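Please look over the chain shown here. The briefing below covers its fold, its helices and a few single residues.

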Amino acid sequence: MAIGAKRSNDLKALNKYLSYGFIENLDTVQHIPIGKFWGIKLSVTPITWLSPIVFFALGAILGIFEPRMNLIQTLYHIGVFVIGVEISTLIHALGHILGGKLVRSPMDELLLTATRGVNIYHGDQEVIPGFVHVGRAMGGHILNLLTFSVVMQLLHYNGAGFRSDVLAAIASTSLFMGAGGFLPLPSVDGQVIWREVFHWLALRWRENAQRE
Ligand SMILES: [Zn+2]
């Protein structure tokens, strides 16, 4: 049975979330608590454990573009890619937590799904000032980009081998998440950042227009 197929609009909701890169229906999926981190509730879905398999499949699809490798090399590369994705995802979530702490409005719950982390904020988010939204949304990317630059330095001191391969995978996935998230796409943090920037610009423009 499809997740949450009980309600008539749920397939539509699932499709919406699928297009955002989730494979769970976030409206209906169960939140299983797994503990707390720095006062923030951590939870998983019933299929979060599928995450490495999902990214293994994605890695296999991406691997089609490198046909020179034999089976063992291919499996090794996909495995390293999966480790990189999982670590970069956790770094991204930690960045959101740090960003939220800095603007004194941390998330209430971090839901780790099979593909992405979801930052959950309780209460009316409309009344929250713009810089708080931006701080919370930027944290993930900034920490990913910082990770990218630190790991690139570390790679200078590491020879070839498993550790370097994992570091390189963390660097590339963190760069992807850090830079890609600034795109003004729905459900991506960039949407929040640009929305607040344009809102601020519009306010300034209106203020200036009133003064003249
Ligand atoms: Zn994010």
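From the N terminus on, the elements run α-β-β-α-α-β-β-α-α-α. That is six helices and four strands. Helices (H or I, at least four residues) and strands (E, at least two) are DSSP runs, numbered from the N terminus. This is a predicted model: local features need pLDDT of at least 70, side-chain atom pairs count only at pLDDT 80 or more, and totals for chains, interfaces and linings use all residues. Residue numbers start from 1 along each chain as its sequence is written.

**Overall build**

- Taken along the principal axes, the C-alpha atoms of the chain fill a box of roughly 70 × 50 × 35 Å.
- Of the 212 residues in the chain, 29% are buried. A residue is buried if 20 or more other C-beta atoms lie within 10 Å of its own, exposed if 12 or fewer, and partly exposed in between; C-beta atoms are placed from the backbone.
- Take the contacts between residues at least 6 apart in sequence: 59% of them join residues at least 24 apart. Two residues are in contact if their C-beta atoms, placed from the backbone, lie within 7 Å.

**Helix α2**

- Helix α2 covers residues 51–63, which is 13 residues. At 1.5 Å a residue it should span 18 Å, and its end C-alpha atoms are 18 Å apart, which agrees. The expected span is 1.5 Å times one less than the number of residues.
- Which residues of α2 are buried? They are Ser51, Phe55 and Gly59. They cover an arc of only 65 degrees around the axis, which puts them on the same side of α2. The arc is that of the directions from the helix axis to the C-beta atoms.
- An α-helix has 3.6 residues a turn, so residues three or four places apart point the same way.
- Exposed Ile53 and Ile61 sit on the face of α2 turned away from its buried side.
- The cover over the buried residues of α2 includes α3 (71–102).

**Helix packing around α4**

- Two packed helices are described by the angle between their axes and the distance between the axes.
- The axes of α3 and α4 (residues 130–156) come within 6 Å and cross at roughly 135 degrees. That makes α3 oblique to α4. Axes are lines fitted to C-alpha atoms, for helices over the stretch in contact, and angles run from 0 to 180 degrees between N-to-C directions. Angles under 35 degrees count as roughly parallel, over 145 as roughly antiparallel, 65 to 115 as roughly perpendicular and the rest as oblique.
- The α3 and α4 crossing is right-handed. A crossing is left-handed if the near helix is turned anticlockwise from the far one by less than a right angle, and right-handed if clockwise.
- Residues of α3 that meet α4 include Ser88, Ile91, His92 and Gly95. On the α4 side, Gly135, Gly139, Ile142 and Leu143 are among those that meet α3.
- The axes of α4 and α6 (residues 189–211) come within 9 Å and cross at roughly 145 degrees. This crossing of α4 and α6 is left-handed.
- In that pair, the α4 residues include His133, Met138 and His141, and the α6 residues include Asp189, Glu196 and Trp200.

**Leu143**

- Leu143 belongs to helix α4. Leu143 is buried, with 23 other C-beta atoms within 10 Å.
- Leaving aside neighbours within four places in sequence, Leu143 is in contact with Ile91, His92, Leu94, Gly95 and Leu98.
- Leu143 and Gly95 are 48 residues apart in sequence, yet 5.1 Å apart in space, C-alpha to C-alpha.

**Helix α5**

- The 19 residues of α5 (residues 162–180) should span 27 Å at 1.5 Å a residue; the end C-alpha atoms are 26 Å apart, which agrees.
- Buried residues of α5 include Leu167, Ile170, Thr173 and Met177. What covers the buried residues of α5 includes α3 and α4.

**Single residues to look at**

- Lys16 is in helix α1 (residues 10–19). Lys16 is partly exposed, with 16 other C-beta atoms within 10 Å.
- Trp38 lies in the loop between β1 (32–37) and β2 (40–44). Its phi is near 55 degrees, a positive value in a residue other than glycine. Trp38 is exposed, with 11 other C-beta atoms within 10 Å.
- Arg104 lies in the loop between α3 and β3 (109–112). Arg104 is not a glycine, but has a positive phi of about 55 degrees. Arg104 is exposed, with 8 other C-beta atoms within 10 Å.
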